Amino acid sequence: MVDRFIGKRGSATREQYEFELQLANVAFMIKQLRKQRKLTQEELGDLIGVQKAQISKLETNAGNITLETVLRVFSALKASVSFKIDTI
């Protein structure tokens, strides 16, 4: 179904879709972990040295997310991060 409506794997449209889906998952995990740790956006921001607005953007996937920031956030939330890289 995804192939039919979004495009086959390897197509530009499908790659963009997959990328955006992964970013949405990261944003969801940040918000869920922050809530589990009973932290406000402001408190999490203070832990990593950014403003509350940036945490809000991270959680809503509404901005550029750098790998460095993502790693700092997950570190502050005491969560490990692993990346899987496949070759094609």
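The model is predicted. How confident is the prediction? The mean pLDDT of the protein chain is 88. A value of 70 or more is reached by 97% of its residues. Helix α3 has the highest mean pLDDT, at 96. Helix α1, residues 2-5, has the lowest, at 80. Where pLDDT is low, predicted coordinates should not be read in detail.

Start with the charged side chains. Side chains of opposite charge can pair when their charged atoms come close. The structure holds 4 salt bridges. One of them joins R14 to D3. Their closest N and O atoms are 2.4 Å apart. D3 sits in helix α1 and R14 in helix α2, so this pair ties together parts that are 11 residues apart in sequence.

Are the two partners buried or exposed? R14 counts as buried because its relative accessibility is 5%, below the cut-off of 20%. D3 has a relative accessibility of 39%, so D3 counts as partly exposed.

R14 has another partner. Its side chain also meets that of E18 in a salt bridge, at 2.8 Å from N to O. This time both residues lie in helix α2. They are 4 residues apart, about one turn of the helix. An α-helix has 3.6 residues a turn, so residues three or four places apart point the same way. E18 is partly exposed, because its relative accessible area is 23%.

Now move along the chain to helix α5. Here R72 forms a salt bridge with E68. The closest N and O atoms of this pair are 3.8 Å apart. R72 and E68 both belong to α5, and they too are 4 residues apart, about one turn. R72 is partly exposed, at 30% relative accessibility. E68 is exposed, with a relative accessible area of 54%. Elsewhere, salt bridges that share partners join D3, R14 and E18 into one network.

Next comes helix α4, residues 52-60. Which of its residues are buried? They are I55, L58 and E59. These residues cover an arc of only 95 degrees around the axis, so they lie on the same side of α4. What covers them includes α2 (12-36), α3 (41-48) and α5. After α4 comes N61. The phi of N61 is positive, near 55 degrees.

T69 is in helix α5. T69 is buried, because its relative accessible area is 8%. What does T69 touch, leaving out residues up to four places away in sequence? It touches Q54 and L58. L58 is one of the buried residues of α4.

Finish on the outside. L67, L71, V81, F83 and I85 form a nonpolar patch on the surface. Together they have about 520 Å² of accessible area. One member, F83, lies in the segment after α5 (67-76). F83 counts as exposed because its relative accessibility is 56%, above the cut-off of 50%.

Technical notes:
Residues numbered from 1 in each chain as written. Heavy atoms only, no water. Patch = residues over 30% accessible without salt bridge, like charges linked within 9 Å, V, L, I, M, F, W, Y side chains within 5 Å. Areas by Shrake-Rupley, 256 points an atom, 1.4 Å probe, with all protein chains shown as cover. Helix = DSSP H or I, 4+ residues; strand = E, 2+ residues; numbered from the N terminus. Buried < 20%, exposed > 50% of the residue type's maximum accessible area, 1.4 Å probe, protein only. Arc of directions from axis to C-beta. Contact = heavy atoms within 4.5 Å. pLDDT = per-residue confidence, 0-100.
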